[in-house]
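Hi everyone, thanks for making time this morning. Let me put the sequence and the model up on the screen, and then we can walk through the fold together.

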Amino acid sequence: MDVAFIGLGQMGHGMAGRLIDAGHRVTVWNRDTGKAEPFGARGATVAANPADAARSGVAVTMLANDAALEAVCFGHDGLLSAGPGLLHIACSTVSVALTDRLAAAHREAGQGFVSAQVLGRPDVAAAGKLAVIAAGAADDLDVAAPVFAAIGAKTIVMGDRPAMAAAAKAAANFGIAAVIETISEQMRIAEAQGIAADRMAALLIESDFGSRIFGSYAPMIAAQRFEPAGFPLTLGRKDVGLAISAADGAPLPLASLLAERMDAIIAAGGGDRDWSSLGQA
Ligand code: NAP
């Protein structure tokens, strides 16, 4: 299929590459054009702006945050100015509020819109093994299916309102943050009693805790390997904030505690380190 990919950061780089490798005709756009040019050598078309990229008929976005997605959609030469018929597949981790606003704006513009937020770090994206958390109209999800097949190992549909995917992803990432804090505190208990960090990590990976989340974070925390950041703490703080606002005032004491801890680390200059560092004393 013809598909545009907008946002070639750590995640988008691998995801766009998967679409090319799957044989789709890919057009790319990135704000810093230096990240788009290498895709030309791989057979992709490099667009002049998001509206130009949207001529593909289907556009995937993978951008840093709400402000970035807003700029690419509502800005000059943004996706909403591209005319009717476009399907926008929004993969960035962004708020429920912006996702609801985008759903209405795309509807008004005669365009389709699905939220397809993803779980998995940049290496998982490059391998096409993301978990896709999707929501939107069934017809639009059908059109998006070949994209999901190229970037993900599985797609889990949350409902027909795109913002449901945004809420589910925020809830999922809050869970990862809570596990990171848990592992860090488990390591501290082990250290206090002279247990080697790699032994404690082995316990977490090989016992009933064993899961992809414990499996990827326990070794990083045991080895204190927080750089280079696959997912910087600043982005993790954004996601815990998204979870708190998605709860619509329902109390989330653990999420609030994590947000406070992350704010303190960022204030102390640790925001660029991987978010697996959030439980460090
Ligand atoms: P990243 O490497 O920082 O890339 C961010 C992308 O957003 C870049 O293409 C950047 O363009 C673009 N961007 C930022 N501000 C913009 C603006 N105002 N206008 C246009 N483009 C703008 O981030 P990432 O790790 O790929 O993450 C992307 C999204 O996926 C985030 O929402 C993140 O929370 C989510 N996510 C990340 C991971 C992970 O492990 N990294 C996993 C799952 C989901 P430039 O190149 O021009 O700066």
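First, a word on terms: two strands pair if DSSP finds at least two bridges between them. Helices (H or I, at least four residues) and strands (E, at least two) are DSSP runs, numbered from the N terminus. What you see is a predicted model, where local features need pLDDT of at least 70, side-chain atom pairs count only at pLDDT 80 or more, and totals for chains, interfaces and linings use all residues. Residues are numbered from 1 along each chain as its sequence is written, and side-chain values use heavy atoms, with hydrogens and water left out.

Let's start with strand S7, residues 130-135, which pairs with S8 in the parallel sense over six bridges. Within that pairing, alanine 134 has valine 157 as its bridge partner, and isoleucine 133 has isoleucine 156. Towards S6, the strands run antiparallel, with five bridges joining S6 to S7. There, serine 115 stands opposite alanine 135.

Zooming out, S7 belongs to an open, mixed sheet of eight strands, ordered S3-S2-S1-S4-S5-S6-S7-S8. The edge strands, each pairing on one side only, are S3 (45-46) and S8 (152-159). Helix H1, residues 10-21, packs on this sheet and touches S1, S2, S6 and S7; contact here means heavy atoms within 4.5 Å.

Now for helix H8, residues 163-192, which lies across S6, S7 and S8. Its axis and that of H12 (253-267) come within 10 Å and cross at roughly 70 degrees. Axes are lines fitted to C-alpha atoms, for helices over the stretch in contact, and angles run from 0 to 180 degrees between N-to-C directions. H8 and H12 are therefore roughly perpendicular to each other, the label for 65 to 115 degrees (under 35 is roughly parallel, over 145 roughly antiparallel, the rest oblique). Phe174, Ala177, Ala178, Glu181 and Arg188 in H8 meet Leu254, Ala255, Leu258 and Arg261 in H12.
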